[in-house]
Amino acid sequence: MTDRTKGEVWVFAEQEDGRLSGISFELLGKGRELADRLGVPLAAVLMGSGVESLAVGLFEHGADTVRLVDDPELKIYRSKAYRHSMVELVKEIGPQIVVFGATHIGRDLAPAVASALRCGLTADCTDLRIGDYSDPKTKNADGTPHLCKGVLLQMRPAFGGNIIATIVNPYNWPQMATVREGVMKPLDRVSGRGGTLVRHPSRLEGVDIPVEVLEIVRRTSSVDLKGSPIIVAGGAGMGSKENFAKLFDLAAALGGSAAVGASRAAVDLGYCEHDRQIGQTGQTVRPRLFISCGISGAVQHLVGMQESAKIIAINTDKDAPVFKVAHYGIVGDANEIVPKMIRAIKQKGG
Ligand SMILES: Cc1cc2nc3c(=O)[nH]c(=O)nc-3n(C[C@H](O)[C@H](O)[C@H](O)COP(=O)(O)OP(=O)(O)OC[C@H]3O[C@@H](n4cnc5c(N)ncnc54)[C@H](O)[C@@H]3O)c2cc1C
């Protein structure tokens, strides 16, 4: 029997229309850390049709190996085709960890693969680490708890985000998790970094794929929070939709690359659309500058923005939890302070 602790760490390299998604690079960053800790190779699993050239980018972002499954049947994502090929590949190679993005595709594929392999899956992880787990239910001969070494510690908010749970799957491997976009950091691209490309068959011959894609209609969002180096975010404390609109003026004064985000309460109050929501059930962002206006700082919001490089928080309540993560805090009325900021920026010439 092969030693399962020697198995690779895998990252599902998601691509659409021959373009790798940002999450693929984010997962490689974390995957590199996990693989190095375990002393095993990091492999990216790349599935699609005519996508071999994408392997270069995966190597340059940290993959030692790219496991390529290239087949015209995999051109457009379809659950059954991807699931079948992925399951066969896992059975053949035996990775110890497989990580997917918590994207539309990842959220569809990962549970289907986990179910077919009868292993566990932790969804929407916010952190992954390698550690030891002492299993109280399984005892050694001397009665001490069995120690499972080097398992994947899968962290995610639980009970409405009020606690961070650490979930382990020490027995039914591979250990599988999905990770939300924007949570992990990609490694800097190392131009010219190479690796091993291994081509695998899709094993789809004779497999009945019941779905035929007739047309793809994309809903495009005009809000690019993830790509914005500056985010001005507002919460219920802005008090009204009209007051919230001042945040767009502040973003405009800060330059074209600043975007407006919001807390869930602000979205629920109708101050702006859901595309702008930041947090556990919104987007995860890490801009260079995050200006928080009238947001209390509930844990479900903080998980989506606390990795920002610099945080300025404005709140009337000096004890608001947002100040715990802020680098600069202003205790005061955002509706007075935001116009002052706009004036000051304009006076300085933007
Ligand atoms: C499962 C689950 C998922 C969730 N997901 C998210 C999520 O993705 N994102 C998210 O944001 N929330 C999420 N929430 C909701 C979260 O718990 C909070 O309710 C929400 O973040 C509160 O938004 P808020 O801070 O804007 O509003 P409030 O909690 O009402 O806080 C308003 C703040 O504004 C301050 N304030 C009032 N007037 C002013 C003023 N004039 N100037 C300056 N400050 C002022 C107040 O002191 C207060 O701190 C989730 C909750 C659950 C249970």
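The face of helix H9 turned away from its buried side carries the exposed residues Glu 336, Lys 340, Arg 343, Ala 344, Lys 346 and Gln 347, where a residue counts as exposed if 12 or fewer other C-beta atoms, placed from the backbone, lie within 10 Å of its own, as buried if 20 or more do, and as partly exposed in between. The structure is a predicted model, in which local features need pLDDT of at least 70 and side-chain atom pairs count only at pLDDT 80 or more, while totals for chains, interfaces and linings use all residues. Residues are numbered from 1 along each chain as its sequence is written. Helices (H or I, at least four residues) and strands (E, at least two) are DSSP runs numbered from the N terminus.

H9, which covers residues 334-347, has 14 residues and reaches 20 Å from its first C-alpha to its last, close to the 20 Å expected, the expected span being 1.5 Å times one less than the number of residues. Its buried residues are Ala 334, Val 338 and Met 341. These residues lie on the same side of H9 because they cover an arc of only 60 degrees around the axis, the arc being that of the directions from the helix axis to the C-beta atoms. They pack against helix H5 (241-253), strand E15 (289-293) and strand E16 (310-315), and H9 is followed by Gly 349, whose phi is positive, near 85 degrees.

H5 has 13 residues and reaches 19 Å from its first C-alpha to its last, close to the 18 Å expected. The buried residues of H5 are Phe 244, Leu 247, Leu 250 and Ala 251. They cover an arc of only 100 degrees around the axis, which puts them on the same side of H5. Their packing partners are strand E13 (230-234), strand E14 (258-262), helix H6 (264-268), E15 and H9. Just after H5, Gly 255 takes a positive phi of about 115 degrees.

In soluble globular proteins, nonpolar side chains tend to be buried together. The largest nonpolar core here has 51 residues, and those with the most contacts inside it are Ala 44, Leu 46 and Val 99; such a core is a set of buried Ala, Val, Leu, Ile, Met, Phe, Trp, Tyr and Cys residues joined through C-beta atoms within 7 Å. A second, separate core of 36 residues includes Phe 244, Leu 247, Ala 266 and Ile 278.

Gly 101 is found in strand E6 (residues 97-101) and is buried, with 26 other C-beta atoms within 10 Å. Although Gly 101 and Ile 23 are 78 residues apart in sequence, they are 6.0 Å apart in space, C-alpha to C-alpha. Thr 166, in strand E10 (residues 163-167), is partly exposed, with 16 other C-beta atoms within 10 Å. Thr 166 and Leu 250 are 84 residues apart in sequence and 39 Å apart in space, C-alpha to C-alpha.

Of the 31 residues around the ligand, Gly 235, Gly 237, Arg 264, Ala 265 and Gly 279 come nearest, a residue being near a molecule if its C-beta atom, placed from the backbone, lies within 6 Å of it. H6, helix H7 (299-302), E16 and H9 each supply at least two residues of this shell, and H6 gives the most, with three residues.

Technical notes: Two residues are in contact if their C-beta atoms, placed from the backbone, lie within 7 Å.
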